Amino acid sequence: MMLSLAKLGRGSEGYYLDAVAKGAEDYYVGRGEAPGYWAGRGAELLGLDGEVTPEVLRAVLAGTAPDGSMLGAANRTVPGFDLTFSVPKSVSVLAALRPELSEQIVDACEVAVARSIAWLEDNACFSRRGHNGVEHVDGDGYVAAAFRHRTSRAGDPQLHWHVLVANTTRGPDGRWRTLDGTRVYPALRTAGFLFEAEMRNELTNRFGVQWRAARNGISEIDGAPAAVLRHFSKRRSQIEDRLAIKGYSSGRAAQVAALSTRDCKAEPESDQTLRERWQREAESIGFDPASLDQLLDRPRRALVLDDEIPTALSTKGLTHKKSTFTRLDALRDLAERAIDGARIDEVERVTSRLLEDLEAVDLGVDANGSEDVELRSGRRIGTVTRRYSTRELLALEQRIIDLAVRRSTTPRPQLLPSVTKLVLATKPGLSGEQRAAVHRLLTGERLVDCLIAAAGSGKTYSLNLAREMWEGSHYRVIGASLAARAAKELEDQAHIPSRTIAKLLIDLDRGTEKLDDRTVLVIDEAAMVGTRALARLFDAAEAGGSRLILVGDPHQLQSIEAGGVLRGLENRLPTIGLTENRRQRHAWERVALADLRAGEVGRFLTACQANGRIHVGDTADSAKQQLISHWSTQLRFKRDVVILALRRDDVADLNRLARGKMLEGRRLGPDALIAGDCEFRTGDRMVCLRNQRADGLLNGLRGVVTSIDPEARSLTVRLTDGTDRVVPAGYLDAGHLDHGYAMTIHKAQGLTADEALVLATDDLYREAGYTALSRARLATQVFVAADDFDDDPSIDLSHAVRQSGSRVPNFDLARSLGRSHADHLAIDR
């Protein structure tokens with residue numbers, strides 16, 4: 001993380017004051033860290049300048065000004081915040097191994113720190129006043145103390161600055177009040193991107209370095225050897241090891257891992273001792289520090305940030321993955337595009353131009369957000385809740401809505417009564433809800449109808465019935481889905497000839513597929529389809545006069561591109577609903593899943609806990625071991641048991657552990673075939689990772705290896721539908737087949753199994769959680785690592801109480817499932 005924030009507890013300022021009270025003398029004789037210095041406009045207002053002294057810092061954090069006056073309320077529970085600015089490892093290594101450049105590198109980075117603090121003061125320095133603090137007011141800046149550190153706790157070169165911001169600011173009426181932390185946290189990530197852009201700009205101008213393409217805002221110096229950076233990242237390795245143990249990946253979890261692995265710093269070393277040690281370490285891995293000269297004095301790449309505006313507003317820019325964006329999103333996007341850096345004020349200027357561009361549309365303040373705040377300058381601050389989109393995407397959304405809400409001018413299918421009677425007679429198990437849904441599908445008068453189907457509600461059964469009636473009345477029914485496996489299941493179970501949406505769009509463009517007024521087009525898992533792809537299908541259906549049926553659930557997995565169409569239509573049309581869960585055997589589980597779908601996370605988890613479905617391990621590794629032990633006991637029952645996880649690395653771990661159990665139990669054949677990183681034996685579970693239609697292999701298909709042909713280097717597999725496929729050598733060598741004991745939740749959308757074992761990590765958001773937890777007929781077991789927050793006094797566990805009034809069994813799981821990643825149309829903002 002380039003910039004992190006942590007609340008200070010009472011008395012925690014002592015850690016930072018060590019550099020002042022105990023370390024100042026060491027610093028001036030060449031040992032220890034630099035003493036702190038005052039920063040921020042608020043500090044200037046209090047007459048604080050130069051070196052930090054322990055007495056004044058303690059007083060300010062306690063809410064007392066140097067003259068003894070009070071800085072707002074006394075006895076505040078949060079004395080301040082620690083903003084930690086960290087530079088990329090390549091910058092720290094350059095400063096460490098090229099000591100003659102160190103002072104200039106530090107100065108360049110301190111310029112970036114100062115300008116980033118100033119940006120935060122302009123954009124995230126607010127307080128509240130009035131009854132219950134309902135009124136937001138502009139603050140006069142931070143009272144901050146900055147401390148520069150040279151090393152990580154592992155003794156590696158790691159330039160970073162701890163900036164202690166006192167929990168106080170002066171309001172427009174001259175009174176000092178506490179900061180509104182709700183405005184600091186949302187701006188933090190953007191401040192980190194801007195810090196990095198400013199730092200790159202300073203170092204590029206001073207030293208002529210070039211940079212690799214930024215990833216999540218962070219960029220390393222181009223040409224810096226990866227092996228050297230890894231060697232000097234021992235502290236990062238400690239944190240990553242801790243995250244791996246706990247099975248977490250979020251930014252908050254990384255902060256907790258950093259605290260929990262923090263050892264006492266060793267006695268300070270002199271600059272000379274440090275540099276000599278670092279030189280020796282570099283040489284021990286075969287790296288000559290003199291080769292760093294190759295990174296310097298390189299030409300700056302020509303990039304005019306203004307010229308990036310059209311790209312940022314294009315279909316592959318800010319609205320590629322989300323339908324709306326904020327000013328903060330635009331700032332981050334442009335800061336990252338400035339490959340060799342840019343001043344923060346330049347990024348701000350170009351962002352303002354972008355938001356004023358004719359292609360950008362101001363949607364106003366988000367309905368779920370708060371009001372803007374007017375600054376003393378008269379400028380209204382662009383809060384995180386003010387949203388924008390593009391004219392192109394808004395026009396597509398509006399066209400979709402217009403086509404969907406108007407009644408069709410094309411006559412609807414006239415069903416033959418004899419066909420209807422015959423088909424209904426063959427479906428005695430049809431529920432009243434399903435009969436009503438089918439009736440509305442068949443008699444709809446719009447171009448578009450939406451079938452909103454909760455998990456396990458029998459949508460495929462209903463579609464199959466509707467298809468029989470349509471076809472019996474001489475209409476052609478075709479289907480499409482985002483994934484090839486989902487299209488195959490629609491074809492196999494509802495008997496609707498189907499293909500992927502990408503293939504359908506290609507066929508429509510080439511003219512090999514034509515929609516007409518005798519065609520019904522069914523789009524399955526429509527919530528996962530992006531707006532731009534759906535707009536093309538709407539246009540094709542409208543041009544041909546065909547009927548378009550969108551099927552899906554906005555409460556399950558969302559589109560990876562800008563989406564929200566199904567949710568938007570659900571809010572506008574008299575949609576067709578299937579809510580009765582016909583999949584889960586136990587009534588309590590059906591009720592609990594309905595609660596989860598509705599956002600009642602506490603009720604869902606309380607029910608699962610009461611029925612013994614949540615299993616807690618001390619660590620992620622022990623949770624995985626518990627999961628695999630449970631899985632291995634189910635093998636003798638010959639059930640279809642799926643193991644699900646959100647992240648690919650967890651899936652890889654679970655595959656390894658499960659296969660180990662198979663080998664241990666001698667359940668796999670003696671002969672092995674090596675393909676890429678995988679070994680396959682007869683009895684191995686497998687999953688396809690790519691589509692290869694000529695061989696009947698589709699992404700997401702699961703099965704078991706039944707035989708191996710060592711000469712042809714091929715496998716024969718039996719898929720879950722009972723059919724056999726030969727997996728050729730080319731498919732194997734390309735790495736397109738993997739072990740299939742575990743799979744990602746995204747591959748499980750639309751899947752039904754006997755039992756599901758779900759590894760719940762801290763990033764398991766509600767829609768992914770509902771998808772995973774609703775796959776199994778007989779039972780779903782949840783495995784989770786114990787909270788890393790139980791011993792963290794800054795976390796208030798009372799927030800784990802949800803609407804039901806019951807304490808949820810695991811705070812991390814409640815918080816992650818409480819987060820929604822639901823897509824919304826831009827016109828609904």
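Mentor: Happy to, with a bit of background to begin. Of the 829 residues of this protein, 56% count as buried; keep in mind that the model is predicted. There are 30 helices and 30 strands in the protein. If you take contacts between residues at least 6 apart in sequence, 73% of them join residues at least 24 apart.

Now for the pair. Two packed helices are described by the angle between their axes and the distance between those axes. Here we have H25, residues 620-634, and H26, residues 648-664, which pack at an angle of about 45° with their axes 10 Å apart. Angles from 65 to 115 degrees would count as roughly perpendicular and those under 35 as roughly parallel, so H25 and H26 are oblique to each other. Their crossing is right-handed.

Who makes the contact? On the H25 side, look for Lys624, Gln625, Leu627, Ile628, Trp631 and Ser632. Facing them from H26 are Asp650, Asp653, Leu654, Leu657, Ala658, Lys661 and Met662. Sorted by class, this contact of H25 with H26 has 7 nonpolar, 2 polar and 4 charged residues.

While you have the model open, have a look at two cysteines as well. Cys450 has 1% relative accessibility and Cys688 has 0%. Buried means under 20%, so both Cys450 and Cys688 count as buried. As for disulfides in the model, the count comes to 0.

Key. Residues numbered from 1 in each chain as written. Predicted model: local features only at pLDDT ≥ 70, side-chain atom pairs only at ≥ 80, totals over all residues. Heavy atoms only, no water. Axes fitted to C-alpha atoms, helices over the stretch in contact; angles between N-to-C directions. Helix = DSSP H or I, 4+ residues; strand = E, 2+ residues; numbered from the N terminus. Parallel < 35°, antiparallel > 145°, perpendicular 65-115°, else oblique. Left-handed = near helix turned anticlockwise from the far one by under 90°. Contact = heavy atoms within 4.5 Å. Nonpolar A, V, L, I, M, F, W, Y, C, P; charged D, E, K, R; others polar. Disulfide = S-S within 2.5 Å. Buried < 20%, exposed > 50% of the residue type's maximum accessible area, 1.4 Å probe, protein only.
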